[in-house]
Amino acid sequence: MDNAARQLARWLARHPRVAVISGAGCSTGSGIGDYRNDAGEWKRQPPVQMQSFVSDPATRRRYWARSMLGWPIMSAARPNPAHLALADLESMGGLAGLITQNVDGLHQAAGHRQVLELHGRLAEVVCLDCDARSQRSALQGRLQQANVFMADVFAVAAPDGDADLDASLDLSAFQIPACHRCGGMLKPDVVFYGDSVPRERVDRAYAMVDEADALLVVGSSLMVFSSFRFCRRARELGLPMAAVNRGVTRADSWFDLKLEADCSELLPATVDALAG
């Protein structure tokens with residue numbers, strides 16, 4: 001670990017304005033799971049698709065049932081040493097900005113200021129009919145009150161604030177609260193699979209990469225195009241790239257430095273090496 005930290009510290013020292021892309025591996029140390037194994041393959045069923053969520057009531061009921069059980073774990077999560085180390089790097093003046101695929105808000109909770117949440121934030125809910133925004137914490141009480149029969153259901157926590165439920169569980173009686181303003185369909189204010197990241201958000205992320213002199217990937221396999229495209233942009237610009245990630249990534253052949261390590265251990269050691 002000491003050698004890897006020194007390697008990354010030397011790389012960072014050579015590049016004073018680094019843009020960072022962070023993924024699920026950055027939050028596993030906070031008790032939030034990830035979707036893929038070291039080979040980049042799914043550990044569990046892929047996340048809900050936007051089209052299915054909107055068009056299929058059964059899919060929507062199952063999503064919100066999973067969310068009702070998984071939200072308490074997500075909302076109780078706290079920043080781990082990886083988040084804190086990245087915030088320290090920002091305060092030391094070494095980062096041009098951070099693009100995160102995560103929807104847990106833990107970078108900001110760690111004190112990181114310049115964070116672009118590529119896929120939104122789970123703590124907010126949006127009405128698909130009138131665009132009203134509300135807090136996910138407020139919706140939790142409404143979900144629990146409307147679905148007391150779920151109180152004793154066991155589920156395993158999964159990424160993105162949901163939970164893995166037994167596929168045979170009958171959810172036909174599950175009630176989904178409607179928008180307080182218009183009675184419309186509620187959705188977490190995050191980008192589902194099959195949906196598009198808002199153009200303005202993509203442009204801001206490209207601008208971060210364009211203004212950087214290097215790109216660092218932390219805890220992401222980059223298997224989804226929404227994040228991989230920024231590595232492709234960095235390659236087109238000829239920027240040096242490094243990664244801290246356990247397992248393969250979609251951009252492995254492009255990295256000048258690839259460290260297969262736990263980012264919650266390596267990043268704090270790297271900050272210490274830079275400070276020293």
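Mentor: Welcome! Let us start with two helices, H4 and H9, which are roughly parallel to each other. Please keep in mind that this is a predicted model.

Trainee: At what angle do helix H4 and helix H9 pack, and how far apart are their axes?

Mentor: The general idea is that an angle under 35 degrees counts as roughly parallel. Here, helix H4 (residues 81–91) packs against helix H9 (residues 263–275) at an angle of about 30°, and their axes are 7 Å apart. The crossing of these two helices, H4 and H9, is left-handed.

Trainee: Which residues in H4 and H9 meet?

Mentor: On the H4 side you will find Pro81, Ala82, Ala85, Leu86, Asp88 and Leu89; they meet Cys263, Ser264, Leu267, Pro268, Val271 and Leu274 in H9.

Trainee: And at roughly what angle do the axes of H1 and H9 cross?

Mentor: They cross at roughly 60° and come within 8 Å. That angle makes H1 oblique to H9. The crossing of H1 past H9 is right-handed. From H1, the contact is made by Ala4, Ala5, Leu8, Ala9, Leu12 and Ala13, and from H9 by Leu266, Leu267, Ala269, Thr270, Ala273 and Leu274.

Trainee: Now the rings, please. By what is a pair of aromatic rings described?

Mentor: Such a pair is described by the distance of the centres and the angle of the planes. In this structure there are six aromatic pairs. One of them joins Tyr63 and Trp64, an edge-to-face pair with 5.2 Å centre to centre and 80° between the planes. Tyr63 and Trp64 are both buried. Ring pairs also link Phe53, Tyr63, Trp64 and Phe192 into a cluster. Over the face of Phe192 lies Lys187, at 4.7 Å from the ring centre.

Trainee: What is the angle between the planes of Phe228 and Trp254?

Mentor: It is 25°, with 5.3 Å centre to centre, and the pair is stacked. Phe228 sits in helix H8 (residues 225–237), whereas Trp254 is in the loop between strand E10 (241–244) and strand E11 (257–259); the two are 26 residues apart, and their pair links distant parts of the chain.

Trainee: Is Phe228 buried or exposed?

Mentor: The general idea is that under 20% relative accessible area means buried. Phe228 has 9% relative accessibility, so it counts as buried. Arg250 lies over the face of Phe228, at 4.3 Å from the ring centre.

Trainee: Where is His15 found?

Mentor: Look in the loop between helix H1 (2–14) and strand E1 (18–22). His15 counts as buried because its relative accessibility is 13%. Setting aside neighbours within four places in sequence, His15 is in contact with Gly94, Asp213, Ala214 and Pro240.

Trainee: What about backbone angles: what is phi of Asp131?

Mentor: Asp131 has a positive phi of about 70°, although it is not a glycine. You can find Asp131 in the loop between strand E4 (120–127) and strand E5 (133–135). With 48% relative accessibility, Asp131 counts as partly exposed. Leu222, also a residue other than glycine, has a positive phi near 60°. Leu222 lies in the loop between strand E9 (214–218) and H8, and it counts as buried at 1% relative accessibility.

Trainee: One last point: by what distance are the C-alpha atoms of Asp164 and Arg66 separated?

Mentor: By 6.6 Å, while along the chain Asp164 and Arg66 are 98 residues apart. Asp164 belongs to strand E7 (residues 163–164), and its relative accessible area of 27% makes it partly exposed.

Key:
Residues numbered from 1 in each chain as written. Predicted model: local features only at pLDDT ≥ 70, side-chain atom pairs only at ≥ 80, totals over all residues. Heavy atoms only, no water. Phe/Tyr/Trp six-rings, centres within 6.5 Å; stacked < 30°, edge-to-face > 60°. Buried < 20%, exposed > 50% of the residue type's maximum accessible area, 1.4 Å probe, protein only. Helix = DSSP H or I, 4+ residues; strand = E, 2+ residues; numbered from the N terminus. Lys NZ or Arg CZ within 6 Å of the ring centre and 35° of its normal. Axes fitted to C-alpha atoms, helices over the stretch in contact; angles between N-to-C directions. Parallel < 35°, antiparallel > 145°, perpendicular 65-115°, else oblique. Left-handed = near helix turned anticlockwise from the far one by under 90°. Contact = heavy atoms within 4.5 Å.
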